[in-house]
Amino acid sequence: MNNTVIFSCGNDFAAGTCKSLVPAAGIGRGALVLAPEAVEGEFVSPVLAMDDFSAVVMSWNTDLPEGTVSEAFCRAQAEDGQWSQWLSWGQWSPFIRRASLNETCGGVASVETDTLSMNDGHVGKAVQLKCVLRRTRAGCGDPVLRLLAATARLSREDRLPNVEPKCSVDNTAPAYCQGIRDPNIGFGMCSPTTATVLMNALGGDLLPEESAMACWDHTYEGHGNWAFTMAMAGSFGYETWLSFGNADTLRQALKQGPVGVNAAYSNTLERATEHAPYVENTPGYTAGHLLTARGLELDAEGREWLLVNDSYGNPDSQARRRYPLDQFVKAWSGMMYMVRPKLPGAGSGSPYRVPAKLKKTDFGDEFLLEVNGQDMPLDPHFNGGRRCCTGIVAYYVDDAYNYETTANRPFHYTKVTVNGNLFIPARALLRSSTLGDRAAIHVFVINDRGVTYTARLTQADL
């Protein structure tokens, strides 16, 4: 099956051509970095023959300090030899107002959001990939390219092969319900929630909202851009890529760790459709959804079950489920989110947290954010809304329970007041805590430019 190509080490990149990019010593498995004197540089792959395809998705891992961006491109060759134009996936960085492009036609192929599609009945035969690194201001750090990949969608028939021996494996991974997260975005944040599960399974401790705000696509107006989600996870230093696979490649991948998967399913026969077939044990109906496959299980009759952490399940404890693999593969698009351990020297351009303080105000339960000794009132519209989510204010109160990760704690969500302050009923919350004077409120102010401000409130602060 020749449907996925990955450039992820020095030998891979040496097969292509570079302009103003040089080897990056000590980063990843042989990354490329923009030359010190250059404002822009690019890597171009050789022409890559692939099995016949109708659609291709790209992914990339770049380390982008503030003031730098990357932009990934692909062009496709049709069966008659025609090449499309170079088509862009949009400029990427955790620290910019990132946005995919509106649907762009480039001859025999076009790109919309995260997917290149062949036009007018053409069949794809080959691709060529390109990544551009840019500095957007003087004095910034050095942008790095660690991975560039493309994967072609498989037909429904190609997703069904079942040659690999059945096996049992269960990878440890946290489970999160997206429906109890921030009400502005919880309904639509399955993609970053899945990525957060995969990163936290490897030792991270991110909130799904932090991941969500770092991959928000301002053109798509949502978190469903697969390429941006993998670029976000990759920015933390993990090696990440997208891959369309089948039942056998899924089994192989699960032997290495949990995997994100995309599916459309129904929990009842009455609601089932060809596009969203019935899958036993699922929590509802969805026309498209990302979830985490964490393992496989064989029952006493030899039937194979897919072990999942499905963020559709509510609450977190109901996210851990198992689905019959033979049913699931019919609901699965074949898409896999691959997130593997952090690489040496990688992750210099990841979203980050900044310690802050909260100051009492004359407005009761309103608190002013202070960063590095400076007052930082927020825009009253900081939280935005479902169609334009620009920020999140989340907090939890200490309690006596132990949690697998911070994200498993019971979170509350609040708004920014007309005075630019955070509304937090701190006195009432701390008085009612069973921990008494030991209790604290932990606050996360998350923006869409890669920064989270963290603060805490105790009785002494009130």
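Colleague: Which ring does the charged end of lysine 130 sit over?

Modeller: The ring of tryptophan 86, with the charged end 4.6 Å from the ring centre. A charge counts as over a ring if NZ of Lys or CZ of Arg is within 6 Å of the ring centre and within 35 degrees of the ring normal. Keep in mind that this is a predicted model, where local features need pLDDT of at least 70 and side-chain atom pairs count only at pLDDT 80 or more, while totals for chains, interfaces and linings use all residues. Residues are numbered from 1 along each chain as its sequence is written, and side-chain values use heavy atoms, leaving out hydrogens and water.

Colleague: And what does arginine 75 lie over?

Modeller: The face of tryptophan 83, at 4.1 Å from the ring centre.

Colleague: New topic: how many aromatic pairs are there?

Modeller: The structure holds 13. Rings of Phe, Tyr and Trp (its six-membered ring) pair if their centres lie within 6.5 Å; planes under 30 degrees apart are stacked, over 60 edge-to-face, and the rest tilted. Phenylalanine 328 and tryptophan 332 make a stacked pair, 6.5 Å centre to centre with 25° between the planes.

Colleague: Is phenylalanine 328 buried or exposed?

Modeller: Buried, with a relative accessible area of 0%. Tryptophan 332 is buried too, at 1%. Buried means under 20% relative accessible area, exposed over 50%, and partly exposed in between (1.4 Å probe, protein chains only).

Colleague: Which residues form one aromatic cluster?

Modeller: Phe328 and Trp332, together with Tyr265, Tyr312 and Tyr323.
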